[in-house]
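Hello,

Here is the structure we talked about. Please open it first, then read my notes below with the model beside you.

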Amino acid sequence: MYPKVALKKIFMYKQTMKFLIKTLVVTIVISLMPIVIGELAPEYEGFNLEAADDTKKKKTRKRVKLPSKKAQKLLQTVQPFLEEEMWDEAIEMLAVIGTDPKFTETDRARMHWYFGYIYFAQERYDLAITEYEKLLRSEGSDFKLQNQARFSLAQLAFIKEDYRKSVKYLLEWIEEEEEPSSQGYSLIATAYFQLEDFRKAKTFIEKAIEIAESRDIPIKAIDEETGEEYETGETKKAVARENDYLLKIAVYSELKENLDVLPIYKILAVNYPKKRYWVGLSQLYGQKDRFLDQLGALEAAHEDRLLDKQREYVALGQLLFMHQNPHKAAQVMEYGFKNDFIKEEEKTLKALAQYWHAAKELKKAKPAYEKAASKSKEGELYIFLGQVHFGLDEFEGAEKAIRAGIKKGKLKDEANAHMLLGQVLFEYQKWDEAIASFRKCIDVAEKQLSDKKEAQKKKKKKIQDQARKWITYTEGEEERVQALILKKKALGLGSS
């Protein structure tokens, strides 16, 4: 068994949290690329989630201003160039709208939108901002196009680290949007986090998560006969984006407010399976003494081949062994050694050997014990190696290993080592040496175990009594064997 304290120290939660806070802004991947262009009317792809509050006051619907037929034909022609990212050709074609008086103000507003999109995609951010601002000032632009421009301007302001302006545009966007998306609230929360206004960041990130989790997603399956995907008629609850949960954890940490992060890590590990989430979840379970759950999380990470550190494999091996699965514990360690995640050190080789030993896989335990014993400054591992040889009826190897262990010394129980050696010698009829070992067992126990301590006194009596019985048994067995040999000779059967 391994002490609970040791298991709890496997992964340090405080270090995990410090790393999370330090790298949050780097790891948050908010979509800061321009929105995808529709065939004629640009739409927010991925930004049309239903708001959580269905009772909120709906915005007054306004009529969408469509481009002229001439502009529609031109935009249809431009579309393939945009899809192939042939930006220069697209700009040249769109520029006609700005010079030909036959095009309307609505057409020119649409032109500014496309220019903004192209410059955004080219990372020419200042030009993109100019075009989107022209669109907002244009009398020909409709409310929908303007609000899309506001969102793009918010993204651009965020990229340029002008977080206050980003918030300004996003709040205007929310005001005009009929069903603001979770991603819009998430971007505001991130901007407030950058401004170190953690209280507002908390409000908006919780709203973002609430909106995202309010949806039901149809469950799909694959038809085995046709191979086509179909909806099963069942649904499951949606989850927020990965970085929304990370931001929530970071915000609560900055505010020094308590937050049960275990449910969040469960969501992250299941829906965004990455090593840090499974390992973090395992560590959190360990803190709550939920060791079976701790094992399950770490085992899931191993099965997904996410673990790559020695301490992780050692921890998993310990947990498996603690939960009575030494065979799998050994397999996990073997995998770690094979893939160079675990170094061949005394402690790691000892663990591998003990797991195989406990699993009664003696042939597999033997080489691990041999390597571990050769690296050890103590003789204990040679005694274990001797036990394995003995279990395999390899008496000569057992004798050699046990003697090596006794010679190296620093044994936890030297008396038992001499007892084991005597038993090995008995098995291949080295009677005198066996008796000498049992007598040595009695002498060592007398010297090392005190009569003043009750536990040691009982142990001494027990082992000395056993050794005396073995001496008597050995002497009797020696006489019996000798008598049998003499009898065989008298009968002319030889000594075999």
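**Helix pairs and other findings**

The crossing of α14 and α15 is left-handed. Please keep in mind that this is a predicted model. Helix α14 covers residues 291-303, and helix α15 covers residues 310-322. Their axes come within 10 Å and cross at roughly 135°.

Now step back to the whole chain. The protein chain has 23 helices and two strands. It holds 496 residues, and 45% of them are buried. Take the contacts with a separation of 6 or more: residues 24 or more positions apart account for 58% of those.

Next, look at α6 and α7. Helix α6 spans residues 125-137, and helix α7 spans residues 143-159. Their axes come within 9 Å. The crossing angle is roughly 150°. That is over 145 degrees, so α6 and α7 count as roughly antiparallel. This crossing, too, is left-handed. Which residues of α6 meet α7? They are Y125, A128, I129, Y132, E133, L135 and L136. Their partners in α7 are L145, Q146, A149, R150, S152, L153, L156 and I159. This contact divides into eleven nonpolar, two polar and two charged residues.

Helix α3 runs over residues 69-83, and helix α5 over residues 105-121. The two pack at an angle of about 10°, with their axes 12 Å apart. An angle under 35 degrees counts as roughly parallel, so that is how α3 and α5 are described. From α3, the contact uses A71, L75, Q79 and L82. From α5, it uses D107, R110, Y114 and I118.

Now for the aromatic rings. How many aromatic pairs does a search of the whole structure find? The count is 23. Is W113 buried or exposed? W113 is buried, because its relative accessible area is 0%. Y117 also counts as buried, because its 14% is under 20%. Elsewhere, ring pairs link F426, W431, F438, W470 and Y473 into a cluster.

Last, check two loop residues. E196 lies in the loop between α9 (182-194) and α10 (198-213). Its phi is near 60°, a positive value in a residue other than glycine. E196 is exposed, because its relative accessible area is 60% and the cut-off is over 50%. D340 is in the loop between α16 (326-338) and α17 (346-358). The phi of D340 is near 65°, again positive in a residue other than glycine. D340 is exposed at 70% relative accessible area.

Best wishes

Note on methods:
Residues numbered from 1 in each chain as written. Predicted model: local features only at pLDDT ≥ 70, side-chain atom pairs only at ≥ 80, totals over all residues. Heavy atoms only, no water. Axes fitted to C-alpha atoms, helices over the stretch in contact; angles between N-to-C directions. Helix = DSSP H or I, 4+ residues; strand = E, 2+ residues; numbered from the N terminus. Parallel < 35°, antiparallel > 145°, perpendicular 65-115°, else oblique. Left-handed = near helix turned anticlockwise from the far one by under 90°. Contact = heavy atoms within 4.5 Å. Nonpolar A, V, L, I, M, F, W, Y, C, P; charged D, E, K, R; others polar. Phe/Tyr/Trp six-rings, centres within 6.5 Å; stacked < 30°, edge-to-face > 60°. Buried < 20%, exposed > 50% of the residue type's maximum accessible area, 1.4 Å probe, protein only.
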